Amino acid sequence: MNIKRIGLFVLALIIMGISYWLAVGANYDSKTVRIDPEAHTLVNSSDAIISKRILAMKTSGSQVYFLGYEGLGIYNLSDNTLRLMPITFRGQHIEPPKSGDYQRGLRNITKVKALSDFSNDEQDEFKSLLDSTDGGAHYYGDFYHSGYESSLIDLKDQYFITNTVRALKRVNHTLYVYDGSGFIIIDLDNRRIQGFFNNRISGEGSKGVPDSLRGHYGSDFIMIYALSKLDPKDLDILWSMRKQYLEKSPQAMEEKDLFPLNLDEMNLNEL
């Protein structure tokens, strides 16, 4: 009788083990990941949340590499596990989520302290991830523009510069940003930043961007108080970026008191 009970107990354990093995995805071909187009949440086919807010993502075999508000991670489709290098991003535009609040549908989460804790091949995959231009993403030295949202992030400082990028353009060693708050110019060699902010540029207002940049970058941030103080070549590039964006997005001009599209119609001395 005891032998029969033991046999039934062992059989039950085997059945439970097989069920769990199937649940976590014994064959990764049957499991997938998807990104919510509005919330930018990265979830698997069982709706387990991998990243609360995704910034970049690519797959390589059974591995899903991603950059999210939580940090850099590798999700394994074959066993529903996650290895994560946490990054505490700063900036007024982000409130980093606490991973323990939602990553409960994953089999195991392993935290690593540094990029070097990943293998050389995995580090190469992360580099490829950041270099990808999918969805309009761009990586300019230390500065990353997400393909999933209009964020510009200083990855060296782990700092969100702005979340309202409208257009970016790199010319030699300078990055030009047409932003919902105004214009931003970044010298990619010395990381110095200039900014001109006026709610008539895009009709959205500064939203605290100047104070945020001044508070973080200190003397490496220069506030420009008049368009006439910008280098004419820089201004031509920025104004052209703005004009192209507004011409492609006429709804952005509706019922807003914006500066004229053409630079020659501006009186720069009054700004």
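The model has an average pLDDT of 84, and 85% of the residues reach a score of at least 70; pLDDT is the predictor's confidence in each residue, on a scale from 0 to 100. The structure is a predicted model, in which local features need pLDDT of at least 70 and side-chain atom pairs count only at pLDDT 80 or more, whereas totals for chains, interfaces and linings use all residues. Residues are numbered from 1 along each chain as its sequence is written, and side-chain values use heavy atoms, with hydrogens and water left out. Over residues 8-29, pLDDT stays under 50, and the model has 19 contacts beyond four places in sequence for this segment; a contact means heavy atoms within 4.5 Å. Where pLDDT is low, the predicted coordinates should not be read in detail.

The protein contains 5 helices and 17 strands. These elements are DSSP runs numbered from the N terminus, with helices being H or I of at least four residues and strands E of at least two. Of the 271 residues, 43% count as buried, where buried means under 20% relative accessible area, exposed over 50%, and partly exposed in between (1.4 Å probe, protein chains only). Among contacts between residues at least 6 apart in sequence, 48% join residues at least 24 apart.

Helix α5 spans residues 232-248. Its 17 residues reach 24 Å from the first C-alpha to the last, close to the 24 Å expected at 1.5 Å a residue; the expected span is 1.5 Å times one less than the number of residues. At the N-terminal end, α5 is capped by Asp231, a side-chain oxygen of which lies 2.8 Å from the backbone nitrogen of Lys233. The buried residues of α5 are Asp234, Leu235, Ile237, Leu238, Trp239, Met241, Arg242 and Leu246. An α-helix has 3.6 residues a turn, so residues three or four places apart point the same way. The partners against which the buried residues of α5 pack are strands β13 (165-171), β14 (174-179) and β15 (182-187), together with helix α3 (199-202).

The largest pocket holds about 260 Å³ of space. On a 1 Å grid over the protein atoms alone, a pocket is an open set of points where a 1.4 Å probe fits, with protein on both sides within 12 Å along at least five of seven lines, and lining residues have an atom within 4 Å of a point. Its volume is the space filled by probe spheres set on the points, which are joined across faces, edges and corners. The lining of the largest pocket comprises 13 residues, with Leu72, Met85, Leu115, Leu130 and Leu155 nearest the centre. Helix α2 (residues 120-131) gives the most to this lining, with 4 residues.

Leu115 is placed in the loop between β8 (108-111) and α2 and is partly exposed at 34% relative accessibility. Beyond four places in sequence, Leu115 touches Leu72, Met85, Gln123 and Phe126. The C-alpha atoms of Leu115 and Leu72 lie 8.5 Å apart, although 43 residues separate the two in sequence. Within helix α2 is Glu125, whose contacts beyond four places in sequence are Lys58, Ser60 and Tyr65. The side chains of Glu125 and Lys58 are joined by a polar contact of 2.7 Å. A polar contact is a pair of N or O atoms within 3.5 Å; within protein, one must be able to donate a hydrogen and the other to accept it, and residues adjacent in sequence count only if both atoms are side-chain atoms. Glu125 and Tyr65, 60 residues apart in sequence, have C-alpha atoms 7.4 Å apart.

In strand β11 (residues 152-154), Asp154 is buried, with a relative accessible area of 0%. The side chain of Asp154 forms a polar contact of 2.7 Å with that of Tyr217. Residues touched by Asp154 beyond four places in sequence also include Asp142, Phe143, Tyr159, Ile161 and Arg191. The loop between β11 and β12 (159-162) holds Gln158, which is partly exposed at 31% relative accessibility. Gln158 has a positive phi of about 55 degrees although it is not a glycine. A positive phi, of about 65 degrees, also occurs at the non-glycine residue Asp47, in the loop between β2 (42-44) and β3 (49-51). Most residues other than glycine have a negative phi.
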